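Student: Could we go through this structure together? I would like to begin with how its strands pair.

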Amino acid sequence: MGALHPHDAARRARSFGSIAAQYDRFRPGYPAALVADLRAAITAGAADPVAAPTLADIGAGTGLFAADLRAGGFEVTAVEPDHDMAEVARARGLAVEEAAFEEWDPAGRRFDAVAFGQSWHWVDQDTGPERLADLLVPDGVACLAWNEYSPAAALSARLAAVEADYGITVHRRHAELLAERDDSQRATAARALADAGFRTRVRWYDWDCTVTPADWLESLMTFSEYAVLADEVRAEVRARLRAELPAEPLELVAGTLAVFGRRPAA
Ligand SMILES: C[S@@+](CC[C@H](N)C(=O)[O-])C[C@H]1O[C@@H](n2cnc3c(N)ncnc32)[C@H](O)[C@@H]1O
């Protein structure tokens, strides 16, 4: 997590259970084109056609990415350390194994694909790439994805200024990333996979999204930076953000960044 103190990173990584239902309701799913590209990448690397490729979705949360991957034809095993998040995913009919990536025992299984939706940055970056390679069949494909979305620049800047008073960076980070179509965290992810011998490719998927100001506020509260705040502080930031929001729906600037990495055949 870059400059974050390890204690803060761990607290934030564990914060999602407290907002599981809200997370599931207000966070977006993933573009169908991304899922199709992942399928195509597996087909391209396979000697024989793969009818239902196996996939492990790590840090699956409430199953938003896993459900999209299942709809795209993958046979999904979800892995999620937080019990409350896992329960929401199970209610979707997903098979969930409750464990952190670092402690999960795949019991000798290897997968055609391994996915991380907004979760790669939470796992141990020193051991992650090699552990990921060990989970994949030769020529298997890793997909690290992040949804990025933010109101238009002027409003984002006002909301970022409010957040800055509380050390929160949600609008600043998303706006910077959307403006530049790259950022150091994701570039680091691609480099880490390349260093571990993966052949990598980075792709952006643009999408449109319009939300009510009330829903935008709710969706902000699902970010770990908000989830770890004391209730009274969260209520104060929330009131200040609400005062900045217009009455009419917000058209978000939105996209999904995916880092694909093909494990080299041994
Ligand atoms: C931002 S949520 C993403 C959930 C889901 N993949 C999605 O796209 O909506 C991040 C998830 O990673 C999980 N997580 C945190 N640390 C983890 C770790 N070390 N190993 C696996 N998952 C972890 C959290 O519990 C949380 O459910």
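Tutor: This is a predicted model. In strand E2, Val 76 is the bridge partner of Leu 55.

Student: How does the chain cross from E1 to E2?

Tutor: The path leads from E1 through helix H4, residues 64-71, to E2, and this β-α-β crossover is right-handed.

Student: And how many bridges join E1 to E2?

Tutor: Five bridges join them; E1 covers residues 54-58, and the two strands run parallel.

Student: Which residue stands opposite Ala 78?

Tutor: That is Val 96, in E3. Strand E3, residues 96-97, is joined to E2 by two bridges, and these strands also run parallel. Together with helix H5, residues 83-91, E2 and E3 make a right-handed β-α-β unit.

Student: Why is E2 described as largely enclosed by the rest of the structure?

Tutor: Four of the five residues in E2, residues 75-79, are buried, so the strand is largely enclosed.

Student: Turning to the core, which residues have the most contacts inside the largest nonpolar one?

Tutor: They are Ala 113, Val 114, Cys 143 and Ala 145, in a core of 54 residues. Strand E5, residues 136-150, gives the most to this core, with seven residues.

Student: What does Val 114 touch, leaving out residues up to four places away in sequence?

Tutor: Its contacts include Leu 55, Ala 56 and Ile 58, as well as Leu 132 and Ala 142.

Student: Now the ligand: how many residues surround it?

Tutor: There are 21, and the closest are Gly 59, Gly 61, Phe 101, Gly 117 and Trp 122. The shell divides into twelve nonpolar, five polar and four charged residues.

Terms used:
Residues numbered from 1 in each chain as written. Predicted model: local features only at pLDDT ≥ 70, side-chain atom pairs only at ≥ 80, totals over all residues. Buried ≥ 20, exposed ≤ 12 C-beta atoms within 10 Å, placed from the backbone. Pairing = 2+ DSSP bridges. Right-handed = clockwise from strand over helix to strand, strands pointing away. Near = placed C-beta within 6 Å. Nonpolar A, V, L, I, M, F, W, Y, C, P; charged D, E, K, R; others polar. Core = buried A, V, L, I, M, F, W, Y, C linked by C-beta atoms within 7 Å. Contact = placed C-beta atoms within 7 Å.
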